[in-house]
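Here is a briefing on a helix pair and a domain contact. Please keep the model open alongside.

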Amino acid sequence: MKTCYINSAVSISTQDTFDVEKLVFKPLDYSSSTVRVKYPEFKKFISPIALRRMSSAVKMGVTASQLAMSKAEIEVPDAILTGTGMGCIDATETFLEAIIANNEDFLTPTAFIQSTHNTVGAQIALGLKCKSYNNTYVNGAVSFESALLDAKLCIELDEDNSILVGGIDEIGTIFCDLQYKNELKDGSGIRLPKSEGAHFFGLSNIKKENSICLKSVEVLHHLKMDSIETHAISILKKCGLDEVDAIITGHKNDEFDVYYESFLENTFQNTTQIRYKDVVGDYFTVSGFAVFLAQYMLINQTIPEGLTVKQNKVKPFKTILLYNQEQGQNHSFILLTTC
Amino acid sequence: MGIISAIGHTVEDHRTSLMASKSGISTISNFKTAHANSIKVGEIKKTNLELSKQLNLPENHNYTRTALLGCIAVKEALAQAHISDVSNYKTGLISATTVGGMDKSELHFPDFNSSEKAEKYISSHHAGDSTNKIANYFNITEFVTTISTACSSATNAIMLGVRLIRSGHLDRVIVGGTDPLCKFTINGFKSLMILSDEICAPFDSNRKGLNLGEAGAFLILESERVRQDKPILAYVSGYGNANDAFHQTASSENGDGAFLAMQKALKLAKIQPEHIDYINAHGTATVNNDASESAAIKRLFTQVPKFSSTKAFTGHTLATAGAVEAIISILAIQEQAVFPNLNFKNPIPESGLIPETKLVSAKIDHVLSNSFGFGGNCSTLILSKA
């Protein structure tokens with residue numbers, strides 16, 4: 001079975017993360033329900049004519065994917081696999097509003113066409129004239145992980161050699177705001193603002209200078225709170241590891257954070273623990289940011305400033321485990337190592 | 001297998017309708033739309049309330065029609081595979097949808113902020129919600145995900161399912177899709193001017209466009225270890241996914257994506273084009289799809305095998321089409337018969353291709369099934385006799 005390497009990692013987020021040498025995070029504005037990303041200079045990557053026709057998800061996706069490919073030295077990938085939780089929500093909202101406002105009359109197809117969930121993956125393929133495998137995953141908080149797992153399987157089963165994997169979510173103007181208010185009302189106490197972002201990675205069966213290894217991706221619909229730790233240990237064992245140097249968790253200040261607490265209270269209590277959603281906000285594919293962060297830590301051997309960190313021992317980062325869940329379901333583990 | 005569509009509420013209903021050449025296309029009646037009289041659709045004549053009762057759901061549930069149709073189909077599939085407990089083997093679920101929670105969102109959108117009845121459908125909007133609900137309904141705890149690549153989605157769900165079994169990640173996986181009719185898609189396709197006001201006529205020179213349909217359709221894939229002595233309905237012997245990379249919604253003239261997808265599937269199945277006994281075409285009856293698909297078929301097959309599109313039976317069930325047609329392909333293998341391409345009169349002049357227009361008996365070992373979608377997504381499945 002071939003090894004799956006991650007050869008590049010690119011992030012567009014609410015922080016300065018796009019194509020920067022050094023990551024430093026600033027506190028996030030918690031006063032509003034939604035926070036938008038810091039847009040990179042799209043025109044460096046996309047022609048002005050094309051830019052005018054693109055939604056923000058497509059702009060972010062095309063831009064992040066181009067940098068991820070160039071960093072991983074991929075000209076045309078053997079597969080383009082994307083994940084998105086809310087899909088192209090901006091165009092969806094536009095078309096839905098038009099249907100209601102015009103009573104199903106006088107509609108133009110543009111917003112409908114752009115509302116399709118696979119628009120980002122399709123536009124990347126179209127731009128590259130890439131006729132290879134193309135797929136889009138849309139299962140809430142495991143959308144990105146599903147794409148990542150599929151990519152890993154394709155490389156290991158020797159179906160494809162170089163794969164572009166990405167997670168994209170744009171915020172739109174209506175649904176994410178409604179979600180935020182709804183969750184607040186629920187009493188589940190979610191205080192993180194909803195946000196957006198795009199994270200792209202170049203994967204390959206060939207090791208490059210700045211490669212890290214993607215050892216494991218596990219997606220589980222349900223997991224009992226008291227079996228998360230056991231499950232994590234079994235993943236490490238399967239990969240021939242006894243311990244892990246850091247754990248990145250998806251804490252987001254809601255009542256479901258108990259899943260993380262339960263996971264971390266025994267075996268891993270002395271392991272370095274890092275949170276990230278408090279600096280980039282909350283959206284379904286935000287876990288792509290965690291992979292980006294882990295890659296940065298494994299390459300640079302440092303934790304960026306501005307993150308919530310519980311660090312007990314200072315030691316080199318060779319292995320990092322990511323764990324995330326959404327409202328007690330859609331659990332995912334990702335294990336990354338130096339190589 | 002489990003399926004609910006316009007031609008029936010069970011697999012056996014589908015067998016009966018297909019053998020009797022009985023179309024399920026009708027006028028829309030489950031909800032109000034301004035286009036009711038100007039389009040024909042493949043509608044399931046059951047209300048959400050009837051479906052909810054069939055599933056014994058509590059009254060205050062927030063299942064969308066997407067989740068309801070999915071649950072009905074999975075329920076039948078589990079029963080047919082004699083699975084009473086999904087936890088005895090590592091069982092996953094991969095569903096496909098384009099509509100997600102839109103059928104409820106479009107209804108409650110104006111009063112999401114003010115009505116409690118509407119509020120519960122905010123969290124069910126995203127595409128993964130229907131899949132999560134199906135998983136919860138059947139206590140599926142392992143790998144669960146959703147695919148949305150427009151009209152090729154369910155075929156891609158089947159492909160991923162095979163990959164997860166081949167790699168040993170899962171022992172068993174429930175794969176398929178669910179998409180209900182809704183105003184969002186009706187108006188979308190209407191604005192593209194590709195909806196027909198008659199029962200669609202795939203591959204006919206005067207085809208006027210497609211009939212939208214709705215369906216829930218799932219198949220259960222099992223590894224050899226799990227199957228034990230249960231009968232095998234068919235093998236997924238090949239699959240291929242390629243991108244046309246031509247246009248966001250239109251297919252290329254020479255059908256590059258379709259050609260590559262079919263070619264990949266044959267390669268993986270380790271068979272030659274002449275081994276395909278029947279092609280269940282995508283055949284949506286739009287001017288563009290049928291011309292492009294015909295071109296691709298003619299490029300790959302020196303001698304074009306028996307083929308038909310069954311869209312005039314079920315309508316185009318979007319994300320579910322690939323699973324609906326995988327089931328129809330398996331029924332074709334079981335019956336050793338090619339189901340007719342209804343309403344065909346004259347071939348497209350450029351291709352000259354003539355589909356089967358009557359039910360015909362034939363030796364069928366390998367069926368090739370195509371599903372193509374927006375974004376240039378082209379997917380092909382090869383199903384083979386056990």
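A crossing is left-handed if the near helix is turned anticlockwise from the far one by less than a right angle, and right-handed if clockwise. By that rule, H2(A) passes H5(A) in a right-handed crossing. This is a predicted model: local features need pLDDT of at least 70, side-chain atom pairs count only at pLDDT 80 or more, and totals for chains, interfaces and linings use all residues. Residues are numbered from 1 along each chain as its sequence is written, while chains are lettered from A and ligands numbered from 1 in the order in which they are written.

**Helix pair in chain A**

- Helix H2 (residues 56–71) of chain A packs on helix H5 (residues 119–128) of chain A at about 50°, with axes 9 Å apart.
- Helices (H or I, at least four residues) and strands (E, at least two) are DSSP runs, numbered from the N terminus.
- Axes are lines fitted to C-alpha atoms, for helices over the stretch in contact, and angles run from 0 to 180 degrees between N-to-C directions.
- H2(A) and H5(A) are therefore oblique to each other (under 35 degrees is roughly parallel, over 145 roughly antiparallel, 65 to 115 roughly perpendicular, the rest oblique).

**Domains of chain B**

- The domain assignment, automatic or from a database, gives domain 1 (2–227) and domain 2 (235–384) in chain B.
- Their centres, taken over C-alpha atoms, are 21 Å apart.
- In chain B, 60 residues of domain 1 are in contact with 54 residues of domain 2 (C-beta atoms, placed from the backbone, within 7 Å).
- H7(B) gives the largest share of the domain 1 side, 7 residues.

Key
Two residues are in contact if their C-beta atoms, placed from the backbone, lie within 7 Å.
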